[in-house]
Amino acid sequence: MHLINILLLASSAAAISLPNFPEISQLFARKDGDKCPTVWTSISKELTGKFLSDGQCNPDARAAIRAVFHDCGAWNKAQGAKGGCDGSLVLAGELSKPENNGLQDIGAYLKGRADFWKVSVADMIVFAGSHAIVTCPGGPRVQTYIGRKDSSTAAPDGLLPDVRASADSLFKLFQDKGFDAVDLAALLGAHSTSNQFHFDETAPNAGAPQDSTPGVWDVKYYAETTAPPKGVVVLPSDAKLAAHATVGKEFKGFVGNAGKWNGKFADAMARMERFGSDGTKNLIDCTNALPSATNAKRELKAMPMFAPRH
């Protein structure tokens, strides 16, 4: 009897038509159209040579970081899925605006490379900005998407921060972009690698950095904004926000805490780089085409003694 039951069960199982399930690897496989185009790997190699000098990020890297802020950042929530990261910084005459002074050379370079590689200027600005950030020793990898369309329509005026504006108005400006106090405080840290040329053009301040290590992505900026060492120029907007009741609290929280800052910065920057897009719809993740994050301490040790600062 037991043998008969076993045979009946076996024959019944053989008669049942089970659905054909795909292999696990197929379930998670990406379609070819979702893969980052290989051209971005070639562009990445080219940008490394452009942005890295003597183990530090150089003036071109700093300009590329500023460029992505100025192209993407001229946006607010009222614009929705238009404007923002659309290449208009270069394509719509925005480089002639006073707030974009100093970006003419990097704008021309990025436009030329976009034309050469047959990619959009908007994507080139975003990718180059992300590349420059991670090229700086200690900089994070920002999740970076490709697939934007260029626009020759200029961004509205008044959407970029004014270095002389009040802290409250600056905070409101960033809130209108969807950022909170933590985001704003984190994004300010990009000044860790900046040099100012047009706020104060008098000697010896012209070209002065905003912290004492402008070739390295670190948190010295947060401590030195409130107690600047000789040779560091603090922008009025930075000083005001560092003392702001809400933003200042978050600003102080990054002092000596590079891990916390990098995480918050990378998150806020990734969102900024999607301004003007419908989320990630029709965009392709090309983060893996960026260089791996560098180790600031290792790079500093590898630098030649008295290496020139850029």
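In this predicted model, the structure holds 13 aromatic pairs. One of them joins Trp75 and Phe275, whose rings are stacked. The two residues stand 200 residues apart and link distant parts of the chain: Trp75 lies in the loop between α4 (59-72) and α5 (88-91), and Phe275 in the loop between α13 (258-272) and β4 (284-285). Trp75 counts as buried because its relative accessibility, 9%, is under 20%. Phe275, at 5%, counts as buried as well. Another pair, Phe116 and Trp117, is edge-to-face because its planes stand at 90°. Trp117 counts as partly exposed, with a relative accessibility of 22%.

The geometry of both pairs is listed here.

| Pair | Centre to centre | Angle between planes | Class |
|---|---|---|---|
| Trp75 and Phe275 | 4.3 Å | 20° | stacked |
| Phe116 and Trp117 | 5.0 Å | 90° | edge-to-face |

Ring pairs also link Trp217, Tyr221, Tyr222, Phe251, Phe254, Trp261 and Phe265 into a cluster. Leaving aside residues up to four places away in sequence, the contacts of Phe265 are Phe69, Ile133, Pro140, Val142, Ala186, Leu187, Ala190 and Trp217.

The second largest pocket has a volume of about 350 Å³. Its lining comprises 17 residues, of which Gly147, Arg148, Lys149, Gly276 and Ser277 are the closest to the centre.

Notes
Residues are numbered from 1 along each chain as its sequence is written. This is a predicted model: local features need pLDDT of at least 70, side-chain atom pairs count only at pLDDT 80 or more; totals for chains, interfaces and linings use all residues. Side-chain values use heavy atoms; hydrogens and water are left out. On a 1 Å grid over the protein atoms alone, a cavity is a set of points where a 1.4 Å probe fits but cannot get out, and a pocket is an open set with protein on both sides within 12 Å along at least five of seven lines; lining residues have an atom within 4 Å of a point. Grid points are joined across faces, edges and corners, and a volume is the space filled by probe spheres set on the points. Contact means heavy atoms within 4.5 Å. Rings of Phe, Tyr and Trp (its six-membered ring) pair if their centres lie within 6.5 Å; planes under 30 degrees apart count as stacked, over 60 as edge-to-face and the rest as tilted. Helices (H or I, at least four residues) and strands (E, at least two) are DSSP runs, numbered from the N terminus. Buried means under 20% relative accessible area, exposed over 50%, partly exposed in between (1.4 Å probe, protein chains only).
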